[in-house]
Amino acid sequence: MTAEEIVLHGGDPSRQTIHFDARLRERTLGSLDGKHGSLFRKQCKEAGVSPDDHVPENGESLQDLQQRLYDFIEKRLLPESVNASKVLVVSHGVTIREMIKYLLDYCQQPHEAEIDPKNDIPPNTSVSVFKVHIDGEQKITDVSVLCLHDLSHLNDDMQTQARHSFKHW
């Protein structure tokens, strides 16, 4: 798993604990889960809607994903992060995009990005780092973007491949 690899190569694994939470899973596409993304995009085109607005049979809406993600942030991540100096969150494209959007709503400083962080799905394996200020009531007061969609941990060929992996719905 990605989180385990990061912990293994990122320092002393005995001092780091991995917590799993189903609220961080990718958007469920129901009958299209596990199938090529082109089928989802084809359904969207046929329905005349954007992927963010399309809900496949037995699938999850973007609002459903946002609701469970915000629940994770507000009921688990923030309370458990109050006394932590660093927290790593590992997830998938649309879920990461929605978490970035959530955090950017608290950002008071402008940020530059190669892609639109509020609409584009981040490149595979990219790293984004935020400094999040939390008050005594476990509420976010400010967010600073330290890096967004960084790929410097990859060699040049892999960076090129990852940059082409991001998708704007």
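The legends below describe close-up views of a predicted model.

**View 1. The protein chain as a whole, with five helices and two strands.** From one end of the sequence to the other, the elements follow the pattern α-α-α-α-β-β-α. The protein chain has 169 residues, and 32% of them count as buried. Its accessible surface comes to about 10900 Å². Carbon and sulfur atoms hold 48% of that surface. Among contacts in the protein chain with a separation of 6 or more, 64% are between residues 24 or more positions apart.

**View 2. Helix H4, residues 93–104.** The helix has twelve residues and reaches 16 Å from its first C-alpha to its last, which is close to the 16 Å expected at 1.5 Å a residue. How many residues of H4 are buried? Ten of the twelve are, so H4 is largely enclosed by the rest of the structure. The buried residues run from Val94 and Thr95 through Arg97, Glu98, Met99, Ile100, Lys101, Tyr102 and Leu103 to Leu104.

The legends below describe close-up views of a predicted model.

**View 1. The protein chain as a whole, with five helices and two strands.** Along the sequence, the elements follow the pattern α-α-α-α-β-β-α. The protein chain has 169 residues, and 32% of them count as buried. Its accessible surface comes to about 10900 Å². Carbon and sulfur atoms account for 48% of that surface. Among the contacts in the protein chain with a separation of 6 or more, 64% are between residues 24 or more positions apart.

**View 2. Helix H4, residues 93–104.** The helix has twelve residues and reaches 16 Å from its first C-alpha to its last. This is close to the 16 Å expected at 1.5 Å a residue. How many of the twelve residues of H4 are buried? Ten of them are, so H4 is largely enclosed by the rest of the structure. The buried residues are Val94, Thr95, Arg97, Glu98, Met99, Ile100, Lys101, Tyr102, Leu103 and Leu104. They pack against helix H3 (62–81), strand E1 (127–134) and strand E2 (140–150).

**View 3. The packing of H3 and H4.** The axes of the two helices are 10 Å apart, and the angle between them is about 60 degrees. H3 and H4 are therefore oblique to each other. The crossing in which H3 passes H4 is right-handed. Which residues of H3 meet H4? On the H3 side they are Leu62, Leu65, Gln66, Leu69, Tyr70, Phe72, Ile73, Glu74 and Leu77. On the H4 side, the residues met are Val94, Thr95, Arg97, Glu98, Met99, Lys101 and Tyr102. These H4 residues are also listed as buried, including Met99 and Tyr102.

**View 4. Ile96 in helix H4.** Ile96 and Glu26 are 70 residues apart in sequence. In space, their C-alpha atoms are 8.7 Å apart. With what is Ile96 in contact, leaving aside its neighbours within four places in sequence? The residues in question are Ser91 and Pro122.

**View 5. Lys75 in helix H3.** Is Lys75 buried or exposed? Its relative accessible area is 62%, so Lys75 is exposed. The C-alpha atom of Lys75 is separated by 9.3 Å from that of Gln138. Along the chain, Lys75 and Gln138 are 63 residues apart.

**View 6. Gly136 in the loop between E1 and E2.** Gly136 counts as exposed because its relative accessibility is 80%, and the cut-off for exposed is over 50%. Between the C-alpha atoms of Gly136 and Val82 the separation is 8.1 Å. These two residues are 54 residues apart along the chain.

**View 7. Asn58, with a positive phi.** Most residues other than glycine have a negative phi. Phi of Asn58 is near 60 degrees, a positive value, and Asn58 is a residue other than glycine. Where is Asn58 found? Its place is in the loop between helix H2 (37–47) and H3. Asn58 is exposed, with a relative accessible area of 65%.

**View 8. His149, with a positive phi.** His149 is not a glycine, yet its phi is positive, at about 60 degrees. His149 is found in strand E2, whereas Asn58 is found in a loop. Is His149 buried or exposed? With a relative accessible area of 10%, His149 is buried. Strand E2, which holds His149, is among the elements that the buried residues of H4 pack against.

Technical notes: Residues are numbered from 1 along each chain as its sequence is written. This is a predicted model: local features need pLDDT of at least 70, side-chain atom pairs count only at pLDDT 80 or more; totals for chains, interfaces and linings use all residues. Side-chain values use heavy atoms; hydrogens and water are left out. Helices (H or I, at least four residues) and strands (E, at least two) are DSSP runs, numbered from the N terminus. The expected span of a helix is 1.5 Å times one less than its number of residues. Buried means under 20% relative accessible area, exposed over 50%, partly exposed in between (1.4 Å probe, protein chains only). Contact means heavy atoms within 4.5 Å. Accessible areas come from the Shrake-Rupley method with a 1.4 Å probe; for residues, only the protein chains shown count as cover. Axes are lines fitted to C-alpha atoms, for helices over the stretch in contact, and angles run from 0 to 180 degrees between N-to-C directions. Angles under 35 degrees count as roughly parallel, over 145 as roughly antiparallel, 65 to 115 as roughly perpendicular and the rest as oblique. A crossing is left-handed if the near helix is turned anticlockwise from the far one by less than a right angle, and right-handed if clockwise.
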